[in-house]
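Hi everyone, thanks for making time. Let me put the structure up, and then I'll talk you through it.

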2 protein chains.
Amino acid sequence: MRRKPGALVPLEIAICRAALILRRRDEEFHGYEMARALGAEADARLLTAYGTLYRALGRLEKMGLLKSRWEDPRIPARESRPSRRLYSLTALGAEAVATARRAADSRARARKRLRRLVPA
Amino acid sequence: MRRKPGALVPLEIAICRAALILRRRDEEFHGYEMARALGAEADARLLTAYGTLYRALGRLEKMGLLKSRWEDPRIPARESRPSRRLYSLTALGAEAVATARRAADSRARARKRLRRLVPA
DNA sequence: GACGTAAAGGCAGATATCTGCTTATTATTC
DNA sequence: GAATAATAAGCAGATATCTGCCTTTACGTC
């Protein structure tokens, strides 16, 4: 799905928005957690497989909107679970969320104007 | 399956024997690799699920026949795969294999004697 | 030899992340 | 407005390890 340079696809926007929300309780999040966060909201249909999500996370990191690191290996060992890659929103990422939100708002206003002019 | 104290169950013996073989190419092995090693030999029926294997590995470690460590987290990151827990046979473990082999041999000799006495 | 019990085995699924291949969708080009 | 090119999404499965619950098996006891 070819994209306008600099633009974000819906899943990427959803991830960044969820990252903002998750950030309230913890600076970092991991992919599996993000999957649940997205699934818990009405965006469930966005995520049929994890592959899609992990690739989107990779793209966002490459774009510089997210950064990631592997957690201290002693933690998964202690909790006997696989290691997590911990992501956090960069300043650029937070900015992108704001931009996307403004763009969505202006599209909403445009639709509203249109509805007023052409009521059915 | 209650066990005679100090004795090993068949799966544990199979693991230790395979560990001896794997050791020829590398000091350490990991669970998934062991699963394939056991599956590749005729012991496939021993291993329907991984759970059984991982629990046996845990027991062997607790008994001191194996020791384990987590691999350097940079390796799975580079190879983009989950971290492995690396096991190696201890001296005690190698000894246990030898003991088990001797026990098996002496049982085999006993059977042979029996067959000679009672031929059908 | 029957019987109770401790522990191994089996089954199912959770936890995390990643990749290869095909399909769908979008932006650009003409 | 149709064709093309690029790439995101979907599907399937691999890679590793672990746990909870139920069933089976073998050891000891009586």
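Predicted model: local features only at pLDDT ≥ 70, side-chain atom pairs only at ≥ 80, totals over all residues.

Residues are numbered from 1 along each chain as its sequence is written, while chains are lettered from A and ligands numbered from 1 in the order in which they are written.

So, what surrounds DNA strand C? There are 31 residues around it, and A:R2, A:G31, A:G51, B:L11 and B:G51 are the closest. Near here means that the C-beta atom, placed from the backbone, lies within 6 Å of the strand. Two or more residues each come from α2 (31-40) and α3 (50-63) of chain A, and from α1 (10-22) and α3 (50-63) of chain B. The top contributor is α3(B), with 5 residues. Helices, by the way, are DSSP runs of H or I with at least four residues, numbered from the N terminus.

Now over to DNA strand D. It is surrounded by 31 residues, the closest being A:M1, A:L11, A:G51, B:G31 and B:G51. Here α1 (10-22) and α3 of chain A, plus α2 (31-40) and α3 of chain B, each give two or more residues. This time α3(A) gives the most, with 5 residues.

Finally, how do the chains meet? On chain B, 5 residues are in contact with 5 residues of chain A, counting C-beta atoms, placed from the backbone, within 7 Å.

Notes: Contact = placed C-beta atoms within 7 Å.
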